[in-house]
Amino acid sequence: MRRLGMAVAAILLCATMGFARESRNNVGKEPFAINFEQLNKYLQLSSDQANEVADINAYFQEMQGESLRASDEMRDKKMRQAVYGNLKLMKKALTSEQYRKYVLLLNVTNNNNRTLNF
């Protein structure tokens, strides 16, 4: 009976690890999904900036979706274009201090996603 219990526990452990690994692989599907409310608080946006940043964020999400639907060869190129386009638009919408914080946030997010997708 003890061996049967140990076998069941081992099978459950393997299944759990498999599901965890699968969900970890899905994390990278949208590497820069940003919660706008948190971003608004973090950058202390004015109302005009908040509207503009919300539009930029929606456009960025759309561009990421396009890059994910692209072929493997084009995926990295399209994602790079989406990120650089986002940075260019954000630089126009934010003050220099807010932009510095935003770039720092994107770098941390990117590094965390790389760590999770090892």
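Select Tyr-42, Leu-104 and Val-108 to begin: together they form a nonpolar patch on the surface with about 250 Å² of accessible area. Patches are built from residues with over 30% relative accessible area and no salt bridge, joining like charges within 9 Å and nonpolar side chains (Val, Leu, Ile, Met, Phe, Trp, Tyr) within 5 Å. Accessible areas follow the Shrake-Rupley method with a 1.4 Å probe, and for residues only the protein chains shown count as cover. A salt bridge is a side-chain nitrogen of Lys or Arg within 4 Å of a carboxyl oxygen of Asp or Glu.

The model is predicted: local features need pLDDT of at least 70 and side-chain atom pairs count only at pLDDT 80 or more, while totals for chains, interfaces and linings use all residues. Residues are numbered from 1 along each chain as its sequence is written, and side-chain values use heavy atoms, with hydrogens and water left out.

**The whole chain**

Switch to a cartoon view of the chain, which has five helices and zero strands and reads α-α-α-α-α along the sequence. Helices (H or I, at least four residues) and strands (E, at least two) are DSSP runs, numbered from the N terminus. A surface view shows about 8700 Å² of accessible surface, of which 56% belongs to carbon and sulfur atoms. Of the 118 residues, 25% count as buried; buried means under 20% relative accessible area, exposed over 50%, and partly exposed in between (1.4 Å probe, protein chains only). Among contacts (heavy atoms within 4.5 Å) with a separation of 6 or more, 63% join residues 24 or more positions apart.

**Helix α2 and its ends**

Return to Tyr-42, which is found in helix α2. Tyr-42 counts as partly exposed because its relative accessibility is 35%. Next, select Asn-35 and Glu-37 at the start of α2 (residues 36-43), where a side-chain oxygen of Asn-35 comes to within 3.1 Å of the backbone nitrogen of Glu-37. A polar contact is a pair of N or O atoms within 3.5 Å; within protein, one must be able to donate a hydrogen and the other to accept it, and residues adjacent in sequence count only if both atoms are side-chain atoms. Just after α2, examine Gln-44, whose phi is positive, at about 50°.

**The nonpolar core**

In soluble globular proteins, nonpolar side chains tend to be buried together. A nonpolar core is a set of buried Ala, Val, Leu, Ile, Met, Phe, Trp, Tyr and Cys residues joined through side-chain atoms within 4.5 Å. Select Met-90, Leu-94 and Tyr-102, which touch the most other members of the largest such core, a set of 18 residues. Two or more residues come from each of α2, α3 (47-69), α4 (72-93) and α5 (96-116). Helix α4 gives the most, with six residues.

Which residues does Leu-94 touch, not counting those up to four places away in sequence? They are Leu-43, Leu-45, Gln-49, Val-53, Tyr-99 and Tyr-102.

Move to Asn-86 in helix α4. Asn-86 counts as buried because its relative accessibility is 3%. Leaving aside neighbours within four places in sequence, Asn-86 is in contact with Ile-56, Phe-60, Tyr-102 and Leu-106.

Now select Asn-57, in helix α3. At 8% relative accessibility, Asn-57 also counts as buried. With neighbours within four places in sequence set aside, Asn-57 is in contact with Ile-34 and Phe-36.

**Salt bridges**

How many salt bridges are counted by the rule given above? The count comes to two.

For one of them, display the side chains of Arg-75 and Asp-72, which meet at 3.0 Å, N to O. Both residues lie in helix α4, three residues apart, about one turn of the helix. Arg-75 is partly exposed at 28% relative accessibility, whereas Asp-72 is exposed, with a relative accessible area of 58%.

Then display Glu-97 and Arg-100, whose side chains meet in a salt bridge at 2.6 Å, N to O. Glu-97 and Arg-100 are separated by about one helical turn because they are three residues apart in helix α5. Glu-97 is partly exposed at 40% relative accessibility, and Arg-100 is partly exposed with a relative accessible area of 46%.

**A last pair**

Finish at Glu-66, in helix α3, which is partly exposed with a relative accessible area of 33%. Draw a C-alpha to C-alpha distance from Glu-66 to Ala-82: the two are 16 residues apart in sequence and 9.2 Å apart in space.
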